[in-house]
Each structure stands twice: as C-alpha cells, then as structure tokens.
Amino acid sequence: MLLEVKDLHAGIDGKEILKGLNLQVNAGEVHAIMGPNGSGKSTLSKVLAGHPSYEVISGEVLFEGKDLLELDPDERAREGVFMAFQYPVEVPGVSNSQFLRLAYNQKALHHGQEELDPLEFNDYLKEKAKIVEMDPQFFKRSVNEGFSGGEKKRNEILQMAVLEPKLAILDETDSGLDIDALRIVAEGVNKLRSSENAIILVTHYQRLLNYIQPDFVHVLANGKIVKEGGKELALELEEKGYDWVKGATN
Amino acid sequence: MTTAVTVTEFAGSFAEFLAHLSDDATTTLREEAFRYFEAIGFPTPKDEDWKYTNVGSVVSEKWLVNSAGKSGDVGGFNYKRNGFTALNLAFADVVVVRIPSETIVVEPIELSFTAEDGKAIFPHVIIVAESGSKATIVETYAASGRGFTNAAVQVLVEENANLTHYRVQKDSVEAFNYGVTEVEVRRGGHYDSTNINLGAALSRHDIELKFVAEGAEAWVDGLYMLSGEQHHDTHSIIDHALPNCLSHQTYKGVLNDSSRGVFNGKVFVRENAHGTDAQQSNKNLLLSNDARVDTKPQLEIFNDDVKCSHGATVGQLEEEELFYLLTRGLPETLAKNLLTYGFAEQVINKIGIESIKSELDEMVLRRLSTIL
C-alpha cells in the first residue's frame with residue numbers, strides 16, 4: 001500500500017479539525033476527497049505535506065509502510081510526496097527553471113541518480129512543459145510572480161511532472177480556474193496518471209471530476225470520512241448537496 | 001576630543017598636499033572647504049542625519065592621504081553637506097566624464113577606486129551626459145584592508161539624455177566608505193541608478209536627486225547585504241521641484257549576524273510639481289535576531305495632483321514561502337538561501353551588464369553559503 005492513514009486526529013492552533021480519519025491509497029489509484037468548507041480537506045493536505053503550523057494529535061500515516069509524520073516536509077518530498085497548492089506561493093527573484101532544477105537535483109541526489117546540468121535540464125523541462133501546454137518563456141520568469149491564477153495552477157502541475165511523485169495531493173487545484181485552464185490542468189494530470197503513482201484530488205466541487213475520473217470518492221464532513229463510493233458518488237453529491245451527507249453522519 | 005585630533009592630523013596632511021599642488025586654480029576653493037571642515041569637523045550622532053551612524057572610531061584614526069589632486073570644475077558641489085564632503089573637496093582628485101551630445105556610448109564606462117590599507121582616497125567624479133546622449137557608468141569601490149574612501153560624484157543628465165549608473169561598493173570588510181552622489185536631471189532626461197553595498201565595516205551613501213525641469217524620469221534603487229558587524233547607512237533625497245516627473249525607488253536590505261542597516265529616504269513633491277509620480281519602497285530581511293535596521297521612508301507632498309506611494313517592511317523569511325520550497329524537496333538551508341538570494345536578486349537583476357550581474361550573483365551566493 002502506498003498511503004495508509006489510520007485514525008488521524010490533527011488540527012491547528014489547539015483546535016481539532018480531523019477527528020479520526022482513515023484512508024487507504026494504492027499505486028495506480030485516483031482518489032477524490034470531497035467535502036464542504038471547514039470539513040478538514042485542506043487540513044488533511046497540509047498534514048500530509050508536513051506544514052509546521054498543523055499538529056498531529058494522534059493516529060498514524062504510513063507512506064510505503066514507513067512513518068510519514070516522522071519526516072520533515074522536504075524529506076517527504078524527496079521520498080515522493082507532492083502537494084499542489086491551492087494558493088501557489090510567489091518566489092520573486094528566483095527563476096522557474098533555476099528552482100525546478102534545484103528541486104529535481106535534490107530528489108535525484110537523494111535517490112542516487114545523476115543530477116542534470118542547466119542545459120540537460122532545459123531539454124527535460126521543455127518536454128515536461130508540453131504536458132501543461134506551457135510556453136518556455138515561463139521558465140525564465142520568477143516562480144509564480146505575476147502569473148495568472150490559471151498559470152499558477154499549470155505551474156504546479158508542471159512541477160509535479162518534473163518531480164514525478166509517487167503520491168500527488170492536488171489541493172483545490174480547480175479553484176479559480178476558467179474552463180480552458182481547467183481542461184489544460186486536468187489533461188495534464190491525466191497524462192501523469194500511471195500504475196506507478198497515486199493522486200488525491202481534494203475538491204469542493206464535482207466539476208474537476210468530469211475531467212479527471214476518480215476510482216474512489218470519499219466524502220469528508222466534520223473531520224471524518226462519512227461516505228465512500230465510486231465516481232458516481234460525486235454526481236450524487238452534486239445533485240443532493242452536502243447537507244445530504246452531513247445528515248447521514250448525525 | 002577625538003574630532004579635534006583628527007582635524008589637526010588632516011591639517012598637517014593638507015598643508016603638505018597643497019605644497020605639492022602646482023599652481024592650481026582650485027586652491028582657493030580647496031582652502032575654503034578645508035577651513036569649513038575644520039570648523040564643523042566630522043558628523044557625530046548628535047546630528048539628526050547621523051543619529052544611527054557613528055563614525056567616531058574611524059575618523060579618529062590616522063590616515064595617509066592618497067590624492068593626486070587633479071583639478072576640475074567642481075563648482076556647484078554642495079561641500080557644506082557635512083565634514084566628509086568638505087574634506088572631499090579639499091583633497092579632491094577630480095575625474096571628469098563627459099558624454100558628448102547625441103552620442104551613444106555602447107561599452108560601459110568603468111571607474112574603479114581602491115583605497116589601500118591605512119590610506120585615504122578622495123575621488124571626485126563629475127559626469128555630464130550631454131543632451132540626447134546615452135551611456136552606462138560603472139562606479140566600483142574595492143578598498144583593501146582598512147582603506148578609507150571619501151568619494152563625491154556629481155551627475156548632470158541633460159535634456160533627453162539617458163544615463164544608467166551602477167555603483168558597486170565591494171570594499172574589504174574592514175574598510176570605511178563614505179560617498180555622496182548628487183544628481184540633476186533636466187527635461188526629458190532618464191537616470192537609472194542601482195547602488196549595491198556589500199563591503200566595508202562602516203559605509204554611508206548619501207544620494208540626492210533633483211528634477212530641475214519637467215518630464216524627466218529616474219530610478220534610484222539599491223541593495224545592502226550585511227553580515228558580521230557591518231554597518232551601512234543610505235540617506236536618499238529625491239526632489240520633485242517641477243511638474244510631470246517620475247521617480248521610482250526600491251531599496252532592499254539583507255542583514256545577518258549583528259549587522260546594522262539604516263535607510264532614510266525622503267521624497268519631496270514641491271508646490272508646483274503637479275503630475276508627479278513617485279514610488280518608494282524599502283524592504284528588509286533580517287536573518288538573525290541580533291541584526292537590526294532603522295528605516296524611515298518620508299514623503300512630503302505639497303501638491304494634490306500627484307501619485308505617490310511609499311512603504312517600508314522589516315521581516316524574516318515568509319513561513320509560507322519557505323514551506324512551499326520545502327514541499328518541493330529543497331533542504332531547509334538551501335530553501336532559505338534561495339529565498340534570500342531571490343530577495344536580493346530583485347535588485348541585482350536590474351543590472352544590464354552580464355559580467356557585473358554574474359559577479360554580484362556569485363558574491364551574494366558566496367555570502368549566503370557562509371552565513372546560513
């Protein structure tokens with residue numbers, strides 16, 4: 001099993017948000033985690049990525065059978081965990097290609113692979129950029145600086161393509177995207193899908209799931225998974241609204 | 001009193017200096033300036049403008065004056081600014097750079113000044129970009145050991161001239177550097193300056209820019225990157241005396257260890273300067289709890305029809321930015337270095353000469369690898 005979350009309780013600023021969450025993800029699977037605002041979706045993403053502001057109260061997270069919570073965020077990344085941010089951060093003064101090459105080489109170093117020099121990396125990056133239809137002019141620009149919402153999200157998927165994670169958590173990647181950007185981002189994710197990796201889509205809306213078909217849908221409410229099913233569950237949710245599942249828990 | 005001792009020591013040097021000057025038309029002006037220096041001495045923290053920068057320990061040392069005393073038309077220089085400027089004019093070693101009108105100089109014009117250990121130099125540069133000309137000036141300070149640089153630069157940007165001016169201070173970390181840059185920009189003139197302060201134990205740069213006609217534009221940007229016990233002070237004045245001029249100012253500071261930075265930036269928009277657009281910002285990154293910066297952006301506006309903004313920040317690396325880089329697999333030290341580099345790069349990236357830019361990149365990176 002790639003990821004196993006067992007009875008996870010976690011929160012921020014002394015407030016418990018996740019209240020006993022269980023999740024199992026295998027390589028080759030796409031999972032959608034859906035839920036209303038405040039259900040704990042973002043907390044789950046941030047806890048998995050290792051955000052320092054969030055604390056784990058109890059429970060376990062195993063990544064390839066090893067304790068993920070013991071690792072620092074950068075170690076998790078090098079082990080193959082990736083989170084696409086809901087609000088990607090701007091890094092002024094650092095070019096996209098500089099940044100991506102550093103990240104790529106850190107991972108390569110960790111896995112005993114060869115680092116790429118700027119020229120080699122540029123070729124590699126050009127190939128990867130095709131996946132999200134990104135113009136190479138973005139390579140020279142500072143990371144996310146002055147990017148539109150759609151460009152930022154495409155840049156996140158480009159990073160995913162470059163780093164080839166085993167587990168990618170896409171945190172509200174569909175938010176703030178117009179229909180064209182959504183299509184490009186979703187197609188990019190579909191191209192990166194393989195039997196070797198797994199993807200967790202964290203989303204409020206069913207819309208994204210029209211483009212990326214999940215194998216499993218989990219509905220999160222009040223810090224717990226309250227309903228699970230296949231991709232048809234998302235459609236049912238869209239029709240009936242979150243009150244339907246919230247009702248089911250109480 | 002230390003000041004008195006220093007003044008006396010310079011008096012001996014000055015007499016000797018004058019004796020070696022051949023019949024020089026500027027002798028009278030030099031004497032006048034020296035008398036003024038003797039009267040006011042070096043500034044002390046009692047002067048409001050020197051509140052945070054105490055030059056006492058430096059000026060009390062004995063310096064060997066090293067000036068060829070070349071003369072030039074230094075009229076119009078405000079030598080009464082302070083004791084340093086008066087002393088500069090007294091010992092001034094003048095260099096004149098004149099870019100003829102309607103001439104484009106493609107290669108950068110490089111001026112380099114090196115104060116050797118124990119010696120004091122007094123460069124006085126006059127740059128005239130005549131109407132319609134275009135050029136790039138690179139002014140570099142690279143003192144060795146405990147060298148003392150006391151420099152003055154007068155810049156005149158004439159009608160529709162376009163001058164790019166890089167000032168790079170990379171003195172040894174034991175050196176002392178005082179510099180003043182006075183700029184006048186005429187109608188339609190463009191002046192773009194980038195001031196990089198990396199070296200010296202104690203450095204101070206005064207820059208004063210005046211728009212003396214309409215429709216001119218200027219950039220006065222800078223970076224100070226300090227570590228150890230380094231101290232840097234920039235005092236800047238941008239004076240919009242006439243209508244429809246644009247000024248842009250971005251100054252950044254990166255301070256580590258127990259270094260200390262001072263930024264004081266005044267922007268004046270005078271009564272009849274309608275249509276002014278003045279933007280000013282000073283951002284500081286403190287990498288250590290012992291580092292300190294005193295920043296004071298000041299905007300004084302006496303006209304309603306203007307667009308102005310100013311602001312200053314002092315902070316640490318952003319937690320969200322750091323987390324973002326960590327989630328991409330960069331180890332913490334590297335991530336912090338990269339963010340700091342990026343912060344400084346925003347100023348260095350402005351530099352259009354690849355050799356200088358990459359040298360500064362290297363210097364910034366080298367410093368980062370040792371301080372973080």
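Some conventions. Residues are numbered from 1 along each chain as its sequence is written, and chains are lettered from A in the order in which they are written. Local features need pLDDT of at least 70, side-chain atom pairs count only at pLDDT 80 or more, totals for chains, interfaces and linings use all residues, and side-chain values use heavy atoms, without hydrogens and water.

Confidence comes next. pLDDT is the predictor's confidence in each residue, from 0 to 100. Chain A has a mean of 93, and 98% of its residues reach 70 or more. Among its elements, β6(A) has the highest mean, 98. Helix α9 of chain A, residues 242–249, has the lowest, 68. Where pLDDT is low, the predicted coordinates should not be read in detail.

Now the interface. Contact means heavy atoms within 4.5 Å. On that rule, 32 residues of chain A touch 22 residues of chain B. How much area do the two chains bury between them? About 2,100 Å², with 68% of it on carbon and sulfur atoms. That is accessible area (1.4 Å probe) lost by two parts on being put together, summed over both. A:Phe85, A:Val89 and A:Phe99 supply 21% of what chain A buries against chain B, more than any other three residues.

The rule finds one salt bridge across the interface. B:Arg328 forms a salt bridge with A:Glu156, with the closest N and O atoms 2.7 Å apart. The cut-off is a side-chain nitrogen of Lys or Arg within 4 Å of a carboxyl oxygen of Asp or Glu.

Which elements build chain A's side? α2, β6, β7, α3 and α6 of chain A each supply at least two residues. α3(A) gives the largest share, five residues. Helices (H or I, at least four residues) and strands (E, at least two) are DSSP runs, numbered from the N terminus.

Last, the strands. Two strands pair if DSSP finds at least two bridges between them. One open sheet of four strands in chain A runs β2-β1-β4-β5, with antiparallel pairing. β2 and β5 are the edge strands, each pairing on one side only. β1(A) and β4(A) pair over eight bridges, and A:Ile12 stands opposite A:Tyr54 in β4(A).

Elsewhere, β11(A) and β12(A) pair in the antiparallel sense over five bridges. Their hairpin has two residues between the strands, and A:Asn222 there takes a positive phi near 50 degrees.
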